[in-house]
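Subject: Structure for your review

Dear colleague,

Please find below the structure that I am handing over to you.

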Amino acid sequence: MITLSKLTKEFGDATAVNGIDLEIADGEFFSMLGPSGCGKTTTLRMIAGFEEPTSGRIELAGEDVTWTSPKTRNVNMVFQNYALFPHMTVRENVEFGLKIKKLPKAEAAERIERMIAAVRMEGFESRHPAQLSGGQQQRVALARALVNQPAALLLDEPLGALDLKLRKEMQLELKSIQQQTGTTFVYVTHDQEEALTMSDRVAVMNGGNVEQIDDPRSLYERPRSAFVADFIGTSNLLTISVDSWDGGVARASLGEGLQITCRENGDRSETKTVTVRPEKINVHAGPVEVGQGSLVRGRIVENVYLGSMTKLIVELSTGERLIVHELNDDTGGPSEAGTDVFLSWGTDHSFVIEDER
């Protein structure tokens with residue numbers, strides 16, 4: 001549906017988007033995720049036609065639209081500020097775009113009813129925006145955009161103005177609406193959980209570049225760079241010196257039965273950077289048998305109660321600190337600050353960061 005080729009945007013001496021390549025499939029929920037200033041909103045605005053690229057190419061459904069005006073592109077955009085017309089009712093807001101297109105009344109009425117039903121706003125047609133909650137206003141903005149049957153809907157952090165509980169509810173609503181309509185959604189957010197919850201695929205951006213494009217599980221479980229590992233969820237990064245290789249497993253021996261292991265990744269370099277997620281780490285009061293897995297020793301320096309889990313910060317003898325998430329199910333290991341503990345995790349949970357070599 002959307003193809004970006006070597007797309008670049010410069011503002012004076014600053015490069016906001018640095019020659020990125022993206023392909024977004026028809027009917028896909030695609031998110032661009034990254035910190036402020038990474039280029040994700042600028043990219044979205046170039047797709048919409050609100051920003052002209054410095055160089056590169058934008059195709060929409062196979063047609064080159066790089067230099068065409070926004071009104072000639074079959075895309076609609078939803079902003080964080082929903083920009084509903086305050087003097088119009090819900091129905092009039094949804095109908096507005098169809099009036100501009102001068103669509104026949106019968107077809108317009110059918111589309112309006114279908115879209116209002118899709119966003120679950122039946123019974124609110126005669127209300128004005130001031131009489132609606134934030135979530136309801138967001139649904140109306142979606143209906144107004146989707147009623148025009150765009151080839152793609154571009155969403156620039158549309159949930160940012162909502163409170164946390166409503167935002168989580170609307171994440172599921174958005175995904176449901178996207179699946180129901182089959183419209184291609186291109187979504188910009190800095191919220192990692194939001195992107196993982198809704199998206200078919202996610203592009204993680206940093207400094208105007210695309211660090212990784214993948215499905216949510218692959219992004220979380222197999223990050224390809226230290227930035228992605230750190231930005232998606234919480235991760236522990238460890239640099240190890242490999243002492244031996246055994247059946248495709250690299251081992252860094254720490255003495256006294258302690259070790260850190262990882263899978264061979266086609267490169268037998270002596271130094272590797274690995275990442276391990278906090279929830280993959282097990283806490284033990286004493287040493288345990290781990291086979292080819294990892295086992296380290298440290299001391300709990302801080303514990304933070306987070307409801308369903310406790311976050312432990314464990315300092316190793318090397319001075320490095322690991323974050324561990326321990327489920328509060330009454331079966332966990334020791335968790336008091338000052339306690340000496342052993343930490344273990346499986347070999348497959350030490351994922352090698354490729355770009356650190």
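Predicted model: local features only at pLDDT ≥ 70, side-chain atom pairs only at ≥ 80, totals over all residues.

Residues are numbered from 1 along each chain as its sequence is written, and side-chain values use heavy atoms, with hydrogens and water left out.

Helices and strands are DSSP runs numbered from the N terminus (helices: H or I, at least four residues; strands: E, at least two). Helix H2 covers residues 90-100 and helix H3 residues 105-118; their axes come within 10 Å and cross at roughly 130°. Axes here are lines fitted to C-alpha atoms, for helices over the stretch in contact, and angles run from 0 to 180 degrees between N-to-C directions. H2 is therefore oblique to H3; angles under 35 degrees count as roughly parallel, over 145 as roughly antiparallel, 65 to 115 as roughly perpendicular and the rest as oblique. On the H2 side, the contact (heavy atoms within 4.5 Å) is made by Arg 91, Val 94, Glu 95 and Leu 98, and on the H3 side by Ala 108, Ala 109, Arg 111, Ile 112, Glu 113 and Ile 116.

The loop between H2 and H3 holds Lys 102. Its phi is near 55°, a positive value in a residue other than glycine. Lys 102 counts as exposed, at 73% relative accessibility; exposed means over 50% relative accessible area, buried under 20%, and partly exposed in between (1.4 Å probe, protein chains only).

A nonpolar core is a set of buried Ala, Val, Leu, Ile, Met, Phe, Trp, Tyr and Cys residues joined through side-chain atoms within 4.5 Å. The largest has 33 residues, of which Leu 142, Leu 153, Leu 155 and Leu 174 touch the most other members. Among the elements giving two or more residues to this core are H2, H3 and helix H4 (134-146). H4 supplies the largest share, six residues.

Glu 256 lies in the loop between strand E13 (249-255) and strand E14 (258-263). Phi of Glu 256 is also near 55°, again positive in a residue other than glycine, and Glu 256 is exposed at 68% relative accessibility. Gln 179, in helix H5, is exposed as well, with a relative accessible area of 55%.

Yours sincerely
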